[in-house]
Amino acid sequence: MPCTSIPMTDRVKATQEAALDRLRKALGAGTASVVIGPTGGIAFKGWPGERGTLFDLCAYRKLLASNSPELRRALAKAEALSGRKVNQATVAAGVHSHDGGATWGKG
Ligand SMILES: [Zn+2]
């Protein structure tokens, strides 16, 4: 995955942590949202500020690992709105979006 294949310098780490924090707060405030793709992939829409090398899937895994209530609420909302569920197989396969859920792929 891109998030683990890049060299993890202190600067990269600090940028990623700040970006993740901004995303978490924006999800909590409702200014950012989760988008579920046609095959159950996940992306974030409305992520504010500089995100550096922190891609949607990496952020999703990190928020999931920290059991973020902001993520859980945003996920439930996205599932209700789209009528779709996150597909863990799709997520594990690395399907992701670079444009807030408009297009999807593995690249
Ligand atoms: Zn990509």
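This is a predicted model: local features need pLDDT of at least 70, side-chain atom pairs count only at pLDDT 80 or more; totals for chains, interfaces and linings use all residues.
User: Which residues of α2 are buried, and which exposed residues does the face turned away from its buried side carry?

Analyst: An α-helix has 3.6 residues a turn, so residues three or four places apart point the same way. In this model the buried residues of α2 are Gln 16, Ala 19, Leu 23, Arg 24, Ala 26 and Leu 27, and because they fall within an arc of 165° when seen down the helix axis, they line one face of α2. The face turned away from that buried side carries the exposed residues Asp 10, Arg 11, Ala 14, Glu 17, Asp 21 and Ala 29.

User: What do the buried residues of α2 pack against?

Analyst: They pack against β2, α3 and α4. The largest nonpolar core has 23 residues, and those with the most contacts inside it are Leu 23, Val 34, Phe 44 and Ala 59. The elements that give two or more residues to this core are α2, β1, β2, α3 and α4, with α3 giving the most, five residues.

User: Which residues is Phe 44 in contact with, leaving aside its neighbours within four places in sequence?

Analyst: Phe 44 is in contact with Leu 23, Ala 32, Val 34, Val 35, Asp 56 and Ala 59; of these, Leu 23 is buried in α2, whereas Asp 56 and Ala 59 are among the buried residues of α3.

Terms used: Residues are numbered from 1 along each chain as its sequence is written. A nonpolar core is a set of buried Ala, Val, Leu, Ile, Met, Phe, Trp, Tyr and Cys residues joined through C-beta atoms within 7 Å. A residue is buried if 20 or more other C-beta atoms lie within 10 Å of its own, exposed if 12 or fewer, and partly exposed in between; C-beta atoms are placed from the backbone. Helices (H or I, at least four residues) and strands (E, at least two) are DSSP runs, numbered from the N terminus. Two residues are in contact if their C-beta atoms, placed from the backbone, lie within 7 Å. The arc is that of the directions from the helix axis to the C-beta atoms.
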